[in-house]
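Welcome, and please open your viewer so that we can take a walk through this protein together. Keep the selection tool at hand, as each stop begins with something to pick.

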Amino acid sequence: MLNELKCEACTSDAKALNESEQQTLLKELHDWEIVIREGIPQLEKTYRFKNFKLAWAFSNQVAELAEEEFHHPSILLEWGKVTVTWWSHSIKGLHNNDFICAAKCDEFRPDV
């Protein structure tokens, strides 16, 4: 399972996942989607909350995960929702690390 794996160092010479590999890993996640921005595939999900404070707490959990894994997403915190976007900046694409971290985010919200 993805959430049991640990991120590996992703250097600029690492290979981005191809579309087939991305789609295979995407099937292991719940409600995540691949979006293309400026030609770069990114893994994204919006989580919904009852209020700002719960969304904020979740954002902090994702930030702690990012520091622990040394892999950092875009986190958009709004009233009642948080959008998390993972991609590997150094390779301008998706890496296994992005899917691992996405699965770990879902552990913080087992109800979704």
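Before we start, one term: a residue is called buried when its relative accessible area is under 20%, and exposed when that area is over 50%. Keep in mind as well that this is a predicted model.

**Stop 1: helix α3**

Select residues 96-107, which form helix α3. How many of the twelve residues of α3 are buried? Ten of them are, so the helix is largely enclosed by the rest of the structure. Color these buried residues if you like: Asn 97, Asp 98, Phe 99, Ile 100, Cys 101, Ala 102, Ala 103, Lys 104, Cys 105 and Asp 106. Now show what surrounds them, and you will find that they pack against α1, β1, β2, α2 and β4. Try the distance tool too: from its first C-alpha to its last, α3 reaches 17 Å, close to the 16 Å expected at 1.5 Å a residue.

**Stop 2**

Leaving aside residues up to four places away in sequence, Phe 99 touches Leu 2, Leu 17, Gln 22, Leu 25, Leu 26, Leu 29, Ile 34, Leu 43 and Leu 94.

Next, widen the view to the largest nonpolar core, which has 27 residues. Which of its members touch the most other members? They are Leu 29, Trp 32, Leu 43, Val 84, Trp 86, Phe 99 and Cys 105. Two or more core residues come from each of α1 (19-26), β2 (40-48), α2, β4 (81-86) and α3. The helix from our first stop, α3, gives the most, with six residues.

**Stop 3: the sheet**

Switch to a cartoon view and look for the open sheet of four strands, in the order β1-β2-β4-β3 with antiparallel pairing. Select β1 (33-37) and β3 (74-78): these strands stand at the edges, and each has a single partner strand, so one side of each is left without a neighbor in the sheet. On average, neighboring strands are turned by 25° against each other, direction ignored.

Zoom in on β3 and β4, which run antiparallel and are joined by five bridges. For one example, click on Leu 77 and then on Val 82, its bridge partner in β4.

Now bring the helices back. Helix α1 packs on the sheet, where it touches β1 and β2, and its direction makes about 140° with that of β1. Helix α3 also packs on the sheet, touching β1, β2 and β4, and its direction makes about 0° with that of β2.

**Stop 4: charged pairs**

Our last stop is about salt bridges, and a search of the whole structure finds four. Begin with Lys 104 and Glu 69, whose closest N and O atoms are 2.6 Å apart. This pair links distant parts of the chain: Lys 104 lies in α3 and Glu 69 in helix α2 (residues 52-69), 35 residues apart. Are the two partners buried or exposed? Lys 104 is buried because its relative accessible area is 11%, and Glu 69 is buried at 6%.

Move on to Glu 44 and Arg 37, with 2.9 Å between the closest N and O atoms. Here Glu 44 is buried, at 12%, whereas Arg 37 counts as partly exposed, at 36%.

Finish with Glu 78 and Lys 81, where the closest N and O atoms are 3.9 Å apart. Glu 78 is partly exposed at 30%, and Lys 81 is partly exposed at 25%.

Methods: Residues numbered from 1 in each chain as written. Predicted model: local features only at pLDDT ≥ 70, side-chain atom pairs only at ≥ 80, totals over all residues. Heavy atoms only, no water. Salt bridge = Lys/Arg side-chain N within 4 Å of Asp/Glu carboxyl O. Buried < 20%, exposed > 50% of the residue type's maximum accessible area, 1.4 Å probe, protein only. Core = buried A, V, L, I, M, F, W, Y, C linked by side-chain atoms within 4.5 Å. Contact = heavy atoms within 4.5 Å. Pairing = 2+ DSSP bridges. Axes fitted to C-alpha atoms, helices over the stretch in contact; angles between N-to-C directions. Expected span 1.5 Å × (residues − 1).
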